[in-house]
Amino acid sequence: MSGGAQLMWDGAVTGYDFGAGHPMDPVRLDLTMGLVEAFGLPGASGLKVVAGPPADDSVLRLVHRSDYIDTVRRISADPGSADGTYGIGTEDDPAFAGMHEVSALIAGQSVGAAEAVWRGQALHGVNVAGGLHHAMPGSAAGFCIYNDASLAIARLLELGAERVAYVDVDVHHGDGVQTAFWDDPRVLTVSLHEHPRTLFPGTGWPEETGGEGAEGSAVNVTLPPGTSDGGWLRALHAVVPELLAAFRPQVLVTQHGADTHIEDPLAHLAVTVDAQRMAAEACHDWAHEYAEGRWVALGGGGYAVVDVVPRAWTHLVAIAAGEPIAPETVIPEDWRQRVYARTRQDAPRRMTDGRRPVWSGWEAGYDPASALDQAVLTTRRAVYPAHGLLP
């Protein structure tokens, strides 16, 4: 197996554009790739940049219904025909020309990463344009047209994987991925998200634990609004590693939505880039500890498109490439100038928010007065017995 990492990138993914004023501004992808290049990660670190082909209908049908695919294709050619059915033509998911083609291209990058990792062509595969985890088998939702994360997992199963673990640290519940594999015991889905009472999509309660015959395969940790670095990392480490040890995945797929950040305009957590970097490092370590190093890492949400997303995902790429960037590292000035030219916003100067997150492990003890600890314990009680674990 190759020890290298593969970054899936085709500049055409920036065509995933819902229009002016929409939070999902594709500039975040362009700026991320620019920062990756500014740090010299491609080539110098052995990181291969590969453009995969779009997912064809046979791949899309691994998750999505044929009538939905046909509808996306039709609306892609005639955006004016969108009327909100199938979730397209809504405020969250406006129709745009070429929607099918660019959505299939993004899905193809995640599927390509999964194929490369499974076939041993790369140990780690990254697609920062991916992680569109809200799309359902028969509808668009939450800025997501095709669910590339689900498609990557489904392709791994098609290639022969028997156990795939999916860990989602986006601020929103990974509802589309959970739905796709609700009845499939071969897939463990873990989502760490803001409480559904206060944030879209309103799902991801601890009691959602998987369908008949797949009990315990869906895991949901609901974080109180305002949760900051220490609590976020404590919750992540209090649930994920024990479940991975019990499940023994052959591949770890992770989604790294950067919208947990305190500056994100669409949510209510208080996480920093420094904690996001530590979460990416943890996922990398877990892939090596529990999945023989096989790791597929995806992007996701993130709407602070200048200050947060490029730094968070450049850290992710650097970790996957085996060239982690020290938090105090100064950001190259040419990239900062490029940011100002594109956005008229001042870019951050360093790869840190100036924090050194500290968190205590679950083994340090449970605080019954802590809303965070209550949430973690509720999740552990809901799913741990199904895996033979003590809550």
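Analyst: Let's start at Asp-373, which, setting aside its neighbours within four places in sequence, is in contact with Arg-234, Trp-362, Gly-365, Tyr-366 and Asp-367. Contact here means heavy atoms within 4.5 Å. Before going on, a word on what you're looking at: this is a predicted model, where local features need pLDDT of at least 70, side-chain atom pairs count only at pLDDT 80 or more, and totals for chains, interfaces and linings use all residues. Residues are numbered from 1 along each chain as its sequence is written, and side-chain values use heavy atoms, with hydrogens and water left out.

Asp-373 sits in helix α12, which spans residues 371–383. Helices (H or I, at least four residues) and strands (E, at least two) are DSSP runs, numbered from the N terminus. Asp-373 has a relative accessible area of 4%, so it counts as buried. The cut-offs are under 20% relative accessible area for buried, over 50% for exposed and partly exposed in between, using a 1.4 Å probe and protein chains only.

Now jump to Arg-155: its C-alpha atom is 36 Å from that of Asp-373, and the two residues are 218 apart along the chain. Arg-155 belongs to helix α6 and is one of the residues there that meet helix α5. On the α6 side you'll find Asp-148, Leu-151, Ala-152, Arg-155 and Leu-156, and on the α5 side Ile-106, Ala-107, Ser-110, Val-111, Ala-114, Glu-115 and Trp-118. By type, the residues of this contact split into 8 nonpolar, 1 polar and 3 charged.

How do α5 and α6 pack? Helix α5 (residues 99–118) and α6 have axes 8 Å apart, at an angle of about 35 degrees. Axes are lines fitted to C-alpha atoms, for helices over the stretch in contact, and angles run from 0 to 180 degrees between N-to-C directions. The crossing of α5 and α6 is right-handed; that is, the near helix is turned clockwise from the far one, while left-handed would be anticlockwise by less than a right angle.

Helix α6 (residues 148–158) is also our way into the sheet: it lies across β3, β4, β5, β7 and β8, and runs at about 165 degrees to β4. The sheet itself is open, has 8 strands in the order β2-β1-β3-β8-β7-β4-β5-β6, and pairs in parallel fashion. β2 (48–50) and β6 are at the edges with a single partner strand each, so one side of each has no neighbour in the sheet. On average, neighbouring strands are turned by 15 degrees against each other, direction ignored. Two strands count as paired if DSSP finds at least two bridges between them.

Take β7 (residues 251–255) next, which pairs with β8 (residues 295–298) over 4 parallel bridges. Val-253 has Val-296 as its bridge partner in β8, and Thr-254 stands opposite Ala-297. With β4, strand β7 pairs in the parallel sense over 5 bridges, and there Val-251 is the partner of Val-164. All 5 of the 5 residues of β7 are buried, so the strand is largely enclosed by the rest of the structure. Val-251, Val-253 and Gln-255 point one way, Leu-252 and Thr-254 the other. In a regular strand the side chains alternate between the two faces of the sheet.

β6 runs parallel to β5 (residues 187–194), joined by 6 bridges, with Ser-191 standing opposite Asn-220.

Conventions: Nonpolar A, V, L, I, M, F, W, Y, C, P; charged D, E, K, R; others polar.
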